[in-house]
Amino acid sequence: MEARQLQSPPTDKFALAERLIRLKQAYQAHPMPSHGERSARLLQLKRSLLAHKQGLCDALARDYGRRSDYDSLIADILPCVMQINYSQKRLKRWMKPQRRHAGLLLAPARVEVHYQPLGVVGIMVPWNFPVMLSLGPLISAIAAGNSAMLKLSEFTPHTNAVLRTLLAEVFDEQRLTVVEGDAQLAAAFSALPFDHLLFTGSTAVGRQVMAAAAPQLTPLTLELGGKSPCLIAPDMPMALAVERMIFGKSLNAGQICVAPDYVLLPRGQEQSFIEAYQRHFSRLYPKGLGSPDYGAIINARQYERLTTWLAEAEQAGAQLHACASPARDDATRRLVPHLLTEVPGHCQLMQQEIFGPLLPLVPYDSLDEALAYIAARPRPLALYLMSLDPALQSRLIRETHAGGMAINESLFQVAADDAPFGGIGASGMGHYHGHEGFLTFSKAKTVLRRGRFSTGALIHPPYRRWYQRLMMALFLR
């Protein structure tokens with residue numbers, strides 16, 4: 001028998017609105033799922049995900065042209081399993097109303113904060129990690145008791161088909177709807193009156209999503225990107241710095257929102273960095289482009305963007321240092337890492353998020369100069385420091401802004417289950433993952449409770465009675 005799928009509705013905006021209305025009506029009929037119901041859905045989702053893990057790996061490889069199963073397991077599937085395990089263990093405690101202090105002025109009274117589902121959450125999914133970036137937010141939304149509508153990327157059709165099948169094993173269409181479509185559908189989706197909307201993608205599209213959501217006053221979580229710097233301090237051995245950062249730029253061929261986007265390093269150390277990077281890349285991927293563990297660029301449009309930016313930088317005087325030969329295969333959209341020196345600041349590589357295996361090197365003469373360089377640019381989603389100096393580590397934590405930070409590591413800060421993930425400024429707003437995900441998709445509702453006796457009447461008009469003057473003298477000090 002053919003597996004059931006959550007069908008994608010028509011791209012017409014009125015059909016989308018009707019689907020949202022049905023989701024909201026179903027939610028209103030059962031607005032507060034119990035702990036048992038939420039936990040059961042999470043467990044079913046985990047089982048379905050594990051049952052389809054090879055199908056997802058195969059589909060991701062088809063969508064990309066080449067993608068290692070381990071890239072997909074490490075970055076797409078394992079984080080979802082870990083997030084479900086983490087959430088299930090803590091969900092009952094998260095759902096419990098929190099007792100707060102009423103204070104002397106409100107006594108006698110009981111004050112609690114109840115965490116109530118928002119309703120129907122919209123989730124807009126990018127193409128680079130279509131499993132993690134659809135199921136990850138969905139896990140948080142389910143834990144908080146919500147229903148959801150997913151908008152999947154049109155660039156990952158094979159993965160989407162598997163996702164629809166596995167989700168249909170867990171949810172009916174009264175709890176979850178899945179849609180696919182191009183930019184026109186995405187625009188209609190982002191304009192729907194969701195109870196919360198989470199978008200993952202570029203800063204430019206994030207601005208459009210925010211503008212579309214504004215007339216409905218839809219609350220937003222924007223997970224964007226930007227140019228995430230990696231600062232190598234003078235005290236850090238270059239080989240060690242490269243070892244700690246290279247995986248963050250090689251996984252998924254650098255198509256990661258938190259990948260190191262450029263490297264700040266002491267002037268005169270560029271050649272040392274290039275040689276260390278090339279050596280380490282050859283150890284990780286000994287066959288270069290032919291290595292089965294090294295992935296392809298998702299589609300022709302993205303490949304052309306990267307190669308055009310590379311050509312622009314070279315024509316402007318930049319020096320290119322490929323990490324293997326041959327350096328590219330246009331037919332299969334494979335491109336080895338290219339390190340670039342002397343890149344003029346006007347080039348696209350220095351202005352836009354790269355989102356691929358190109359890495360400009362920016363030399364500095366002093367740490368103050370390096371920090372000023374970072375501060376002068378939009379706040380990034382990630383900041384990486386390679387230094388063994390505790391004083392410098394503390395200084396960067398105090399003086400720099402970024403969505404998240406890793407010291408002597410790259411990428412793995414996103415994998416911390418018990419910590420929030422989110423950007424700042426141009427790299428996004430809001431958080432999810434772990435407890436913060438539960439809070440993002442919940443309304444923290446204050447409930448003040450009184451019994452038969454209340455002191456509230458003591459402050460009612462007419463004012464300036466003796467006990468009111470005494471109260472003002474007591475509390476206004």
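Does His 433 count as buried or exposed, and at what relative accessibility?

Mentor: The model is predicted, with local features requiring pLDDT of at least 70, side-chain atom pairs pLDDT 80 or more, and totals for chains, interfaces and linings using all residues. Numbering runs from 1 along each chain as its sequence is written, and side-chain values rest on heavy atoms, without hydrogens and water.

His 433 counts as buried, at 6% relative accessibility; buried means under 20% relative accessible area, exposed over 50% and partly exposed in between, with a 1.4 Å probe and protein chains only. The residue lies in the loop between strand E17 (428-429) and helix H15 (434-440), where helices (H or I, at least four residues) and strands (E, at least two) are DSSP runs numbered from the N terminus.

Ala 253 sits in the loop between helix H9 (238-250) and E9, and is buried at 0% relative accessibility.

Two loops carry cis peptide bonds. One runs from Ser 325 to Pro 326, with omega near 0 degrees, and Pro 326 belongs to the loop between strand E10 (319-322) and strand E11 (328-329). Another joins Pro 461 and Pro 462, with omega about 0 degrees; Pro 462 is in the loop between strand E18 (442-449) and helix H16 (466-475).

The aromatic side chains come next. The structure holds 13 aromatic pairs, a pair being rings of Phe, Tyr and Trp (its six-membered ring) with centres within 6.5 Å, stacked if the planes are under 30 degrees apart, edge-to-face over 60 and tilted for the rest. Tyr 262 and Tyr 373 are edge-to-face, at 5.7 Å centre to centre and 65 degrees between the planes. Tyr 262 is in strand E9 (residues 262-266) and Tyr 373 in helix H13 (residues 367-375), so this pair ties together parts 111 residues apart in sequence. Tyr 262 is buried, at 4% relative accessibility. Phe 273 and Tyr 277, with centres 5.6 Å apart and planes at 35 degrees, form a tilted pair. These two residues lie four residues apart in helix H10 (residues 270-284), and are therefore separated by about one helical turn. Phe 273 is buried at 0% relative accessible area, and Tyr 277 is buried at 0% as well. Ring pairs also link Tyr 86, Trp 94, Tyr 115 and Phe 438 into a cluster.

The axes of H2 (residues 35-51) and H4 (residues 69-95) come within 10 Å and cross at roughly 170 degrees; axes are lines fitted to C-alpha atoms, for helices over the stretch in contact, with angles from 0 to 180 degrees between N-to-C directions. H2 and H4 are therefore roughly antiparallel, given that angles over 145 degrees count as such, under 35 as roughly parallel, 65 to 115 as roughly perpendicular and the rest as oblique. Contact means heavy atoms within 4.5 Å, and the residues making it include Leu 42 and Leu 49 of H2, and Ile 84 and Leu 91 of H4. H4 also packs with helix H5 (residues 132-143), at about 10 degrees and with axes 9 Å apart, so H4 and H5 are roughly parallel. Among the residues that meet here are Ile 84 and Leu 91 in H4, and Leu 135 and Ile 139 in H5.
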